[in-house]
Amino acid sequence: MSFRMLKSALIVTACLATCVVACTVCASAQTRADSMTTTQIHDLLEKIEMDDDIIYYIRLTSGDILTGPIREISSDSTGTSIRIYCQIGKARVYIREIEYVGTYEAAYRQKNRTFIMPTAAPIGNDHFIGLWEIAFLYAGVGIADVVSITAGRTFVPSVPSDQQASVVNIKATVYDAPNGLLEEGKQYYAVGVNGAWLNDVNFLGHIYGVATFTGRRTSVSTMLFAKIMGKDIYTINGGTLFNNVQFPFANGAIGVGLSLDSRVNHFHDAHFLAEIWCADITRPASTALFLGLRLNNTNLSSDFGITVAQGPLILPSVAFSWTPF
């Protein structure tokens with residue numbers, strides 16, 4: 001490894017470590033930026049279904065979290081309250097003590113993606129802004145519960161604009177329904193197109209299909225994708241960060257991916273993430289593995305872990321996202 005590459009790797013590792021600490025603190029704290037007003041809570045209570053199969057997520061002003069079905073909504077001289085059947089038994093909570101309430105499914109707002117891989121679930125109303133590997137700024141928006149659009153670009157200091165990287169991804173969730181296999185499980189199917197520019201002159205175009213199966217705590221996604229546009233051989237200009245890199249990637253190459261997102265047992269806001277993907281099944285060396293942890297609430301999320309690729313190359317990996325609406 002050249003001195004320039006080693007220096008760049010050390011700088012990136014130090015920045016990522018700093019970002020991991022900052023993101024962990026932010027995501028672990030129960031931010032109040034997404035707290036609901038009393039009027040919003042009252043409006044939501046009018047729509048609540050008294051159904052034992054519907055699990056609600058309630059965050060109190062104290063930061064405590066209760067989950068379970070809501071059995072009763074009542075009013076007395078003290079105010080309006082709800083009775084929820086949760087881990088500690090029957091709990092009565094007054095509206096003034098509630099900061100956020102919603103279904104458990106709706107409270108997890110990052111289900112449209114794992115780390116890099118999209119799932120088949122739509123973005124819907126969970127529009128977000130994110131920062132991946134401290135240098136790639138991206139955002140995602142949903143249109144109804146069908147179309148999901150994600151786009152981003154790197155902003156690496158000292159690298160000219162025409163040598164940065166950009167990505168645009170458009171996904172359509174074409175079918176969703178109960179999967180009939182797991183309790184509270186659902187199945188989603190989506191198709192999409194992806195365009196990436198590694199430097200402005202290096203374009204890669206892909207089409208893909210993805211299927212996602214969910215259970216009470218875990219979702220699994222499988223993806224099949226194909227490169228349909230671009231060159232057969234690419235030369236990536238690393239600017240001042242690394243020497244030029246050349247690699248083959250022919251049109252028609254077929255790739256596969258598998259991802260896992262599993263909520264850590266007994267924790268409401270911590271998920272184990274895993275991804276493995278191969279960009280070209282005829283070249284096993286194009287395989288990479290990601291293992292990490294996600295800390296999240298209804299507003300912020302922080303993903304951090306490691307990515308292992310050919311070499312072996314082990315890189316710290318982090319992503320941060322904000323879902324403000």
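## Strands and hairpins

Two strands count as paired if DSSP finds at least two bridges between them. Helices (H or I, at least four residues) and strands (E, at least two) are DSSP runs, numbered from the N terminus. This is a predicted model, so local features need pLDDT of at least 70 and side-chain atom pairs count only at pLDDT 80 or more, while totals for chains, interfaces and linings use all residues. Residues are numbered from 1 along each chain as its sequence is written, and side-chain values use heavy atoms, with hydrogens and water left out.

Let's start with strand E4 (residues 79-86). Strand E3 (residues 70-76) runs antiparallel to E4, and six bridges join them. The two form a hairpin with two residues between them, and Asp 76 stands opposite Gly 79 in E4. On to strand E5 (residues 89-94): E4 pairs with E5 in the antiparallel sense, again over six bridges. A hairpin through two residues joins E4 to E5, and here Arg 83 faces Arg 92 in E5.

## Thr 212, tucked into E12

Thr 212 sits in strand E12 (residues 203-214). Its relative accessibility is 2%, so Thr 212 counts as buried (under 20% relative accessible area; exposed is over 50% and partly exposed lies in between, with a 1.4 Å probe and protein chains only).

What joins the side chains of Thr 212 and Ser 221? It's a polar contact of 2.7 Å, meaning a pair of N or O atoms within 3.5 Å; within protein, one must be able to donate a hydrogen and the other to accept it, and residues adjacent in sequence count only if both atoms are side-chain atoms. Leaving out residues up to four places away in sequence, Thr 212 touches several others, among them Thr 119, Lys 186, Tyr 188 and Val 220. Contact here means heavy atoms within 4.5 Å.

## Asp 280, in a loop

Asp 280 is found in the loop between strand E17 (270-278) and strand E18 (287-296). Buried or exposed? Asp 280 counts as buried because its relative accessibility is 8%. Setting aside neighbours within four places in sequence, Asp 280 is in contact with Ala 253, Ile 254, Gly 255 and Ser 286.

## Leu 258 in E16

Strand E16 (residues 254-263) is the place of Leu 258. With 40% relative accessibility, Leu 258 counts as partly exposed.
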